[in-house]
Amino acid sequence: MSNWIEVGQLEEIPQQGSRVVKTNDFNIAVFRTVNDEVFAVKDACPHKQGQLSQGIVHGKKVTCPLHNWTISLESGEALGPDEGCTNVFMAKVEDGLVSIDLA
Ligand code: FES
């Protein structure tokens, strides 16, 4: 079952940056790419729970600010030699409004 919630306007999220959405259990980082695509992943690096929302987006990836692991925003998986995975959530933009699916 899907559970879409509105996050806010796309314009409010800086390109290559993110906005954090708090849920009862954890935070979700909603990222905006240079091409205005949006991705949502749990705001916790699979390495040591670094805040991915503080990282820089490049392509469809984000680099963790703590130890520079690179995480795919599409799969939530660590790339390169590193292994691990964080949760990903569906995200969409409609009429400039960003929504994510908490399901
Ligand atoms: S916590 Fe993200 S790279 Fe270490």
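How many bridges join strand 1 to strand 9, and in which sense do the two strands run? Five bridges join them, and the strands run antiparallel. The legends below refer to a predicted model.

**Figure 1. Overview of the chain, which has nine strands and zero helices.**
In sequence order the pattern is β-β-β-β-β-β-β-β-β. The radius of gyration is 13 Å, close to the 13 Å that the globule rule gives for 103 residues, so the chain is as compact as a globular protein of that length. Along the principal axes, the C-alpha atoms fill a box of roughly 40 × 30 × 20 Å. Of the 103 residues, 30% count as buried. Among contacts with a separation of 6 or more, 42% come from residues 24 or more positions apart.

**Figure 2. Strand 9 and its pairing with strand 1 and strand 8.**
Strand 1 covers residues 4-9, and its residue I5 has I100 of strand 9 as bridge partner. Strand 8 also pairs with strand 9 in the antiparallel sense, over five bridges. Within that pairing, E94 stands opposite L97 and M90 stands opposite D101. The hairpin of strand 8 and strand 9 has two residues between the strands, and D95 there takes a positive phi near 50 degrees. Side chains alternate along strand 9: V98 and I100 point to one face and are buried.

Is V30 buried or exposed? V30 counts as buried because 24 C-beta neighbours lie inside 10 Å, and the cut-off for a buried residue is 20 or more. Beyond its neighbours within four places in sequence, V30 is in contact with V7, I13, S18, R19, V21, V38, A40, A91, V98 and I100. One of these contacts, A40, is ten residues away in sequence, and its C-alpha lies 4.3 Å from the C-alpha of V30.

**Figure 3. The hairpin of strand 2 and strand 3.**
Four residues lie between the two strands of this hairpin. Strand 2, residues 18-22, pairs with strand 3 in the antiparallel sense over five bridges. K22 stands opposite N27 of strand 3. Strands of a sheet pair through backbone hydrogen bonds, either parallel or antiparallel.

**Figure 4. A40, with its contacts and its bridge to strand 8.**
Not counting residues up to four places away in sequence, A40 touches I28, V30, V88, F89, A91 and I100. F89 is also the bridge partner of A40 in strand 8. Strand 4 and strand 8 run antiparallel and are joined by two bridges.

**Figure 5. The largest nonpolar core, made up of 22 residues.**
Which residues touch the most other members of this core? They are V30, F31, A40, A91 and I100. The elements that give two or more residues to the core are strand 3, strand 4 (38-42), strand 8 (88-94) and strand 9 (97-101). In soluble globular proteins, nonpolar side chains tend to be buried together.

**Figure 6. The open sheet of three strands, in the order 5-6-7.**
The pairing in this sheet is antiparallel. Strand 5 (56-58) and strand 7 (70-72) stand at the edges with a single partner strand each, so one side of each is left without a neighbour in the sheet. Neighbouring strands of the sheet are turned by 30 degrees against each other on average, direction ignored. Strand 5 is joined by three bridges to strand 6, residues 61-63. In this pair, V57 has V62 of strand 6 as its bridge partner.

Terms used
Residues are numbered from 1 along each chain as its sequence is written. This is a predicted model: local features need pLDDT of at least 70, side-chain atom pairs count only at pLDDT 80 or more; totals for chains, interfaces and linings use all residues. A residue is buried if 20 or more other C-beta atoms lie within 10 Å of its own, exposed if 12 or fewer, and partly exposed in between; C-beta atoms are placed from the backbone. Two residues are in contact if their C-beta atoms, placed from the backbone, lie within 7 Å. Two strands pair if DSSP finds at least two bridges between them. Axes are lines fitted to C-alpha atoms, for helices over the stretch in contact, and angles run from 0 to 180 degrees between N-to-C directions. A nonpolar core is a set of buried Ala, Val, Leu, Ile, Met, Phe, Trp, Tyr and Cys residues joined through C-beta atoms within 7 Å. The radius of gyration is taken over C-alpha atoms; the globule rule is 2.2 Å times the number of residues to the power 0.38.
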